[in-house]
Amino acid sequence: TRNVEENGQFLIERIKDAYERKSNHEEPSAVKGLERYIILNAIDRLWQEHLYAMDALREGVYLRSYAQKDPLIEYKTEAFDMFTELMSNIKNEVLHNLFRSTSNLQAFETFLSTLPQFLLREHAPTAPTANGPTAAGPIPGRRPERVGAPTNGVDGGNGDSDEVKLELAPVRREMPKVGRNDPCPCGSGKKFKNCCGRTA
């Protein structure tokens, strides 16, 4: 039985071995260029997000004084936590993209063909069927949609619900139509075209 440190070392060795086997199917110079691009891209993007977060913290840290806390100490503490999170996010994104990127698609397909078949079967998507998205049936947790809504909450005699029919009443004008040269109905004494009719 291995302890926590031994398990961590075991996983690190397995990850290094998997990445080395992946890199062996590509050109060494192309792999170096890909690694450089992935690392610089992750640092550049996450560092910009970190600077925006630091600006927001600097603008609002003075509010901590209302809670009887020293804004300077709060700023230093939270800034250190944010920097620690930044370094962790950079490592996670770099490792994630290293295993999901390739400089040669054909070489990557060759690498996948060397993997054990049971790994490919476990991660392979289920083929869609004519009766639903998967062979198992509809998506779990999703109720089937009904085309028609039942009238008065009761289905028809044949088990099919009747569709609700909405009758739209025509729009009728309550007041007679005012001509452009008629007196304005607002009572100003002017013609409609020179008064309220300007914006109509």
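Histidine 50 touches Met82, Phe83 and Leu86, leaving out residues up to four places away in sequence; a contact here means heavy atoms within 4.5 Å. This is a predicted model in which local features need pLDDT of at least 70 and side-chain atom pairs count only at pLDDT 80 or more, while totals for chains, interfaces and linings use all residues. Residues are numbered from 1 along each chain as its sequence is written, and side-chain values use heavy atoms, with hydrogens and water left out. Histidine 50 sits in helix H2 (helices are DSSP runs of H or I with at least four residues, numbered from the N terminus). At 9% relative accessibility, histidine 50 counts as buried (buried is under 20% relative accessible area, exposed over 50%, partly exposed in between, with a 1.4 Å probe and protein chains only).

Turning to helix H1, residues 4–23 make up its 20 residues. Its buried residues are Tyr19, Lys22 and Ser23. Seen down the axis of H1, these fall within an arc of 95 degrees, so they line one face of the helix (the arc is that of the directions from the helix axis to the C-beta atoms). Their cover includes helix H2 (28–60), helix H3 (71–100) and helix H4 (105–113).

Aspartate 182 lies in the segment after helix H5 (117–123) and, at 37% relative accessibility, counts as partly exposed. Setting aside neighbours within four places in sequence, aspartate 182 is in contact with Lys190, Lys191 and Phe192. Aspartate 182 and lysine 193 are 11 residues apart in sequence and 8.1 Å apart in space, C-alpha to C-alpha.

Conventions: Helix = DSSP H or I, 4+ residues; strand = E, 2+ residues; numbered from the N terminus. Expected span 1.5 Å × (residues − 1).
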